[in-house]
Amino acid sequence: MTVQSMTGFARAIAECNGTSVAWEVKSVNGKSVEVRLRLPQGFDRLETAVRQTVQKRFARGNFQATLTVGRAAAQQVQPVVNEAFLRDLAGLARRLQEQFGTQPATADGLLGLRGVLDIPEAVETEEERAALDAAILSALDLALAGLEQARQSEGAALRTLLSGHIDTMEMLTLKAEADPSREPAAIRERMAEQVRLLMDASANLDAIRLHQEAAFLATKADIREEIDRLKTHVVSARALLSGGGAVGRKLDFLAQEFNRESNTLCSKSNAAAVTAIGLELKAVVDQFREQVQNLE
């Protein structure tokens, strides 16, 4: 399975008995599947079917779907004008103009008043309506297939980018693990220096107790567990990316774990070199998590 981005756009058109149908669908990042529809008047009957079609196909994203329906000239109904009502309104407008100096009425203004102009709905048989609905839903399937392809294409680019971040995080983890400051000899030398400085500062200090405290602090500052967990997270992240599918939430959780371990590594480190590695690791983790937000 491939990974998908949550952003994309697609368009599909169809024709049914002289009626043209066009869908435009787009999606952006979202925590779940949310669908906003723009349907022409009289096509609200399709809302449930459209929502279910989108929800079955995608796991995450905010979707907007716009349907446009254009009927052939032969199918278009003629508008009906209530001429008696229009005459009365025009007469009233003239009297107002003569008595109060109001602006003269315009044709489009009068026709826009409720009750003057009526556009009746086209009369369709059940068979014609069913055929049109089927064509609309078929065009929707084409549009969603195009949207899925667009999301997969962007997902492939994101996968490459995220893989690079994972490689960098692994490299920095191994670099911290191999840093000379973690060698037993370096740790002993650092502990001895700290004890010597304290003894020089006060002769009343217990040398044995100081060595015990230094050993305790050195143990507490060990980052072996953090490095092991970082290695495990690297393996998990690669497995999720290679498995594909809707892995955005899981990778986002892993990004939080990466961040937690890198923070702990920085706080426990007692060597400037390891601290610098930890800070660099945090920067890469932030980039990783930012890009993960775009995955389904």
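## The sheet

Four strands form an open sheet in the order β1-β2-β4-β3, with mixed pairing; two strands pair if DSSP finds at least two bridges between them. Helices (H or I, at least four residues) and strands (E, at least two) are DSSP runs, numbered from the N terminus. The edge strands, each pairing on one side only, are β1 (8–16) and β3 (33–38). On average, neighbouring strands of the sheet are turned by 15° against each other, direction ignored.

β3 pairs with β4 (residues 61–70) in the parallel sense over six bridges. R38 stands opposite T66 in β4.

## Basis of the model

This is a predicted model, in which local features need pLDDT of at least 70, side-chain atom pairs count only at pLDDT 80 or more, and totals for chains, interfaces and linings use all residues. Residues are numbered from 1 along each chain as its sequence is written, and side-chain values use heavy atoms, with hydrogens and water left out.

## Helices on the sheet

Helix α1 (residues 47–57) packs on the sheet and touches β2 (19–28), β3 and β4; contact means heavy atoms within 4.5 Å. The direction of α1 makes about 145° with that of β3. Angles run from 0 to 180 degrees between N-to-C directions, and axes are lines fitted to C-alpha atoms, for helices over the stretch in contact.

Helix α4 lies across β1, β2 and β4, running at about 155° to β1.

## Helices α4 and α9

α4 (residues 126–177) and α9 (residues 272–292) pack at an angle of about 160°, with their axes 10 Å apart. The two helices are therefore roughly antiparallel (angles over 145 degrees).

Residues in the contact include L158, L161 and L162 of α4, and I277, E280 and L281 of α9.

Technical notes:
Parallel < 35°, antiparallel > 145°, perpendicular 65-115°, else oblique.
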